[in-house]
Amino acid sequence: MSTWSNNGFTISTQKQYLDIYVIHKFLSDESYWAKGITIESVVKSIEHSSICFGLYKGDPRFEKSAQIGFVRAATDFVRFAYIMDVFVLKEYRGKGLSKWLMEVVTEHSDLKHVGKMLLCTNDAHGLYAQYGFQEINNPEIFMERKK
């Protein structure tokens, strides 16, 4: 498990510190990609994710803290990683926290050498481009199955 601190904020990969209610509220009410998701589905998605990153005001290891951001990844830690549910709460945006969060995710020792890392976004292309993400080459080879 890993932890990073910066200027009163902390990022941790320890799932026990995650505030499921904050994550659910954001995903269900504010995100465009998981609107209406149930809390049970959020819990299951976190339990089955390979690694999660919680962003906190304060440090959940030593003091009362508040979760203000989140990222999760499904990965084999070798060839493929899919980055999902990236967010920083609105009142904490514009402070460089999303950049710090993506830097930590992409440079994490278990993820930085993964062969292919994917994510989807409607509106944050500029942020992700700073960390090496680009439009997919040969998108015609990708297929999806929706339920």
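Me: In the hairpin of β4 and β5, which residue takes a positive phi?
Reply: That is F77, with a phi near 65 degrees, in a hairpin that has four residues between the strands; please keep in mind that this is a predicted model.

Me: And how many bridges join β4 to β5?
Reply: Six bridges join them, with β4 and strand β5 (residues 80–88) running antiparallel, and within this pairing A74 stands opposite Y82 in β5.

Me: What about β3 and β4, how many bridges there?
Reply: Strand β3 (residues 51–57) is joined to β4 by seven bridges, and these two run antiparallel; here C52 is the residue that stands opposite R72 in β4.

Me: Is β4 largely enclosed or left open, and why?
Reply: Strand β4 (residues 66–75) is largely enclosed by the rest of the structure, because eight of its ten residues are buried, where buried means under 20% relative accessible area.

Me: Changing topic, in what order do the strands sit in the sheet?
Reply: The sheet is open and made of six strands in the order β1-β2-β3-β4-β5-β6, with mixed pairing. Since β1 (3–6) and β6 (116–118) stand at the edges with a single partner strand each, one side of each is left without a neighbour in the sheet. From one strand to the next, the twist averages 20 degrees.

Me: Which way do β1 and β2 pair?
Reply: They pair in the antiparallel sense, with four bridges between β1 and strand β2 (residues 9–12), and T3 stands opposite S12 in β2.

Terms used
Residues are numbered from 1 along each chain as its sequence is written. This is a predicted model: local features need pLDDT of at least 70, side-chain atom pairs count only at pLDDT 80 or more; totals for chains, interfaces and linings use all residues. Side-chain values use heavy atoms; hydrogens and water are left out. Two strands pair if DSSP finds at least two bridges between them. Axes are lines fitted to C-alpha atoms, for helices over the stretch in contact, and angles run from 0 to 180 degrees between N-to-C directions. Buried means under 20% relative accessible area, exposed over 50%, partly exposed in between (1.4 Å probe, protein chains only).
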